[in-house]
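User: Please examine the model shown below and answer a series of questions on its surface, its core and its aromatic contacts.

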Amino acid sequence: MSLPLTAGRMAALSDGVIAVVITIMVLELKIPERDLSDLEGLRKVAPMLMIYALSFVEVGIYWVNHHYMLDDVEQVSHGLLWANLGFLFTLSLIPFGTAWVGERGITPFALSLYSICCALPAVSWMALAGAVRRQTHGPLTGGAIKQAVSFFLYAAVIPVSYRSLKTAMVMLGATAVLWLIPPKRASEMTPRAR
């Protein structure tokens, strides 16, 4: 007798994968060589700390929104399971982009690769949100406009990074800030809003 496919089981798997993604990223943080002074060592790892913080926030945003997305799902379909696995796969690529920037520094290619690693979960998130919407007949989590803007920003980082690394970093940060603003539905679910 097989266990029923529930949103709770899917959420538990997702929580585990997201925890591993975060753990992999933090394991990439390396302490610099002993021959550097403390300040020089900190300066050397600053780009990695910055990109790690950005990656952590992005993965955390996905985790929070995943929670809200699955809130209305009562029964899990085969398509929903695969859409969720596709999302988790693309999300698991963020540590690769993070480590690349950490190893190679903030260069146009490194930011482009990192942006691609961030854009892929955005695309798979849209597919997952569509699968959830078909299942629940509710609105898209986060809204289609927000999803389109974030994908545009990720894609635009690639050409912009070859002209201005600072502008490309601001664009990556802006994408995270865009998603830090909770969706209307999340605000409505808080105790004060009830």
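**Surface, core and aromatic contacts**

Analyst: F56, V57, V177 and L180 make up a nonpolar patch on the surface, with about 340 Å² of accessible area together. Such patches consist of residues with over 30% relative accessible area and no salt bridge, nonpolar side chains (Val, Leu, Ile, Met, Phe, Trp, Tyr) being joined within 5 Å; a salt bridge is a side-chain nitrogen of Lys or Arg within 4 Å of a carboxyl oxygen of Asp or Glu. Areas follow the Shrake-Rupley method with a 1.4 Å probe, and for residues only the protein chains shown count as cover. The model is predicted: local features need pLDDT of at least 70, side-chain atom pairs count only at pLDDT 80 or more, and totals for chains, interfaces and linings use all residues. Residues are numbered from 1 along each chain as its sequence is written, and side-chain values use heavy atoms, leaving out hydrogens and water.

User: Which elements give two or more residues to the nonpolar patch?

Analyst: Helices here are DSSP runs of H or I with at least four residues, and strands are runs of E with at least two, numbered from the N terminus. The protein has 8 helices and 0 strands. The elements that give two or more residues to the patch are α2 (38-70) and α7 (165-180).

User: Is L180 buried or exposed?

Analyst: L180 has its place in helix α7. Buried means under 20% relative accessible area, exposed over 50%, and partly exposed in between. Because its relative accessibility is 53%, L180 counts as exposed.

User: How far apart are F87 and W125, centre to centre?

Analyst: Rings of Phe, Tyr and Trp (its six-membered ring) pair if their centres lie within 6.5 Å; planes under 30 degrees apart count as stacked, over 60 as edge-to-face and the rest as tilted. F87 in helix α3 and W125 in helix α5 are 38 residues apart in the chain. Their planes lie 65° apart, so the pair is edge-to-face by this definition, and the centre-to-centre distance is 5.2 Å.

User: Are F87 and W125 buried or exposed?

Analyst: F87 has a relative accessible area of 0%, and W125 has 2% relative accessibility. Therefore both residues count as buried.

Note on methods. Patches are made of residues with over 30% relative accessible area and no salt bridge: like charges are joined within 9 Å, nonpolar side chains (Val, Leu, Ile, Met, Phe, Trp, Tyr) within 5 Å. Buried means under 20% relative accessible area, exposed over 50%, partly exposed in between (1.4 Å probe, protein chains only).
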